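Student: I have a model open and would like to go through it with you. Could we begin with the overall surface and then turn to the helix packing?
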Amino acid sequence: MSPSVPLQEMIRAIRSARTQCEERGVIQRECAAIRAQFRQSDNGGRSHNLAKLLYVHMLGYPAHFGQMECVRMIASPRYSEKRVGYLGAMMLLDEKQDASLLITNSIKNDLSHSNQYVQSLALCTLACMGSAEMCRDLAPEIDRLLRASNSYIKKKAALCAVHIVRKVHDLGEMFAPAARSLLSEKNHGVLHGAVVLITEDTHIHTHILIFEIMKGLVISGYSPEHDVAGISDPFLQVRILRLLRILGHNNEAASDAMNDLLAQVATNTDSTKTVGNAVLYETVLTVLDIKSESGLRVLAVNILGRFLLNNDRNIRYIAMISLQKIVGTDHNAVQRHRGTIVDCLKDQDASVKRRALDLSLALVSASNIRSMMKELLIFLSSCPLELRSQAASGIFIAAERYAPSQRWHIDTILHVLTTAGGDVRDETVPNLIQLITNASELHCYTVHKLYRALLTDISQQSLVQVACWCIGEYGDLLLRGECQETEPVQVHEDDVLDALETVLQSHMSSPATRGFALTATMKLSTRITDNVDRIRSIVSIYGSCIDVELQQRAVEYNALFKKYDHMRYICFEYAGHCVLFRFRLSALLLCLFFPQVCDLLDLLGGSEETLQPSPAAGGTAPGLPANTASTAGGDLLDLLGGLEPFKLK
């Protein structure tokens, strides 16, 4: 490929390369040729070579050696070379490089050029890569151009002034008078630049002029020059609305002044077109961010409600994001669209479903808890796996906060565990256990319901853990078969033990679940009379279990059967909470494995009273002698027996 090939031919050669190595070879040869021509003092193809180098830069290859050529071409009197030179400066230079300072004088000279297009090149370059030092030096020139008679130059100068204010905010005061005068222009490009400039420096007080411009856009007739799908210059309207949002934020006087204007925009804008929806959305954001009156906020919420009915999922998505932000302050207004929001839970788009779930959970209140929970539970049964954990957690929080009754609360949580027990948080099990414990009048109902759930499905580990705990704690209520809340079902001791043994042997049961089942089996040894030997056999099997935690429990329980059987009932009486049960069991193990401690406690005990079984048990424990509690271990457990149940946190 010869060094003088046109840009189009170089592009064709690069694209035809079959491998990256071949592409690099083409680019290296061309860059070497460009370097050689840059060194020539009289080079007629400078702009041609720099254009090729810029294409190489766009492909990601190094092109820094062309920076000084950009500086030289910017100083050229030819417009064709200036154009490529300024383009190269915007692409290859930035404010961190010293070479950028070399073009400051050239930019200043070109800002005073008689050709508007040369002035435009200088303005665009300064707005793109001007450093703070360049902005300070050239700010007076930009202020002069803001007052020029040429609308094309004023538009470019306004956008350049925006960059200067962002770099050096103190220079905003210099442009304030010119910015006010620009608002009286008829050219919409100039107005757009002026609004952006005022948005950057809101100390420029132009409220009345802004209102008049916006009114003119809303009530003006058809203008082919600015019309977009029947909306008069929606780009300028959006910019003005954003400026109004800034001016009215935490400013009651300014907010009152723009209430009528915003209401006019909200009612007169066509919502059947995407362009109109863009303007309406910015109007809604402005209404919700300023100190607007209540009627206007309701109108804004109703607009978002119409967005929820739009076929475009993007519009539904942004509507739910906006409603989520205001549901705390305008709860009643958002509640009017509850049905539409709940319908969005059935949307096929996962993002829309997630936002609808967040919003639906935020709308739950004491007055609609039953209806909303019904919809959320239906959603939980069919929602994507990635949303189940979020949905379950939200339902738990709402049920705890607004539950109309304890039974409803328990039923709701059990429904969630049955549907998505594998996706709930770890604290769900202890929280439900405490809820069941506190609802003493529902113990019989709960144990029957959990027993039926256990027989139906043992794959939901959280549900199985709660069911095992409840059966172990209230197994005697289950065996009686007397429950007013449910149909009476006759359950035999063997049936209950079969269910627990199934959990212990199932490959789906986690080690924690097996621990719950083994402890429940051990508890039943104090609540039934005919199958104690079977329980002893079940427990002894797991004394050699590969799981260390389960093995430790089995060994401890076997020790109770063999050496301290008379204390078994004391340890496994109705502890009420797991914490108290573990406390009692730890005390007993202290006696089992450290006898000298028992001797010490015997010296400190001095109590000769006989330990009586807890009244909750309804009588003396099977196989427990009445006079055996006077031993040292018995005295210790007697001390612990009078403790009040601990509360789980």
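Tutor: The chain exposes about 30,900 Å², and carbon and sulfur atoms supply 51% of it; accessible areas come from the Shrake-Rupley method with a 1.4 Å probe, and for residues only the protein chains shown count as cover. This is a predicted model, in which local features need pLDDT of at least 70 and side-chain atom pairs count only at pLDDT 80 or more, while totals for chains, interfaces and linings use all residues. Residues are numbered from 1 along each chain as its sequence is written, and side-chain values use heavy atoms, with hydrogens and water left out.

Student: How many helices and strands does the chain have?
Tutor: There are 34 helices and two strands; these are DSSP runs numbered from the N terminus, with helices being H or I of at least four residues and strands E of at least two.

Student: What percentage of the residues is buried?
Tutor: Of the 649 residues in the chain, 52% are buried, where buried means under 20% relative accessible area, exposed over 50% and partly exposed in between (1.4 Å probe, protein chains only).

Student: Let us turn to helix pairs. At roughly what angle do the axes of α9 and α11 cross?
Tutor: The axes of α9 (residues 151–167) and α11 (residues 188–200) cross at roughly 15 degrees and come within 8 Å. Axes are lines fitted to C-alpha atoms, for helices over the stretch in contact, and angles run from 0 to 180 degrees between N-to-C directions. The two helices α9 and α11 are therefore roughly parallel to each other; angles under 35 degrees count as roughly parallel, over 145 as roughly antiparallel, 65 to 115 as roughly perpendicular and the rest as oblique.

Student: Which residues make that contact?
Tutor: Among them are A158, L159 and V162 of α9 and V190, A194 and L197 of α11, with contact meaning heavy atoms within 4.5 Å.

Student: And what about α23 and α24: how far apart are their axes?
Tutor: The axes of α23 (residues 406–420) and α24 (residues 428–438) come within 11 Å and cross at roughly 150 degrees. That makes α23 roughly antiparallel to α24. The contact includes I410, I413 and L417 of α23 and L432, L435 and I436 of α24.
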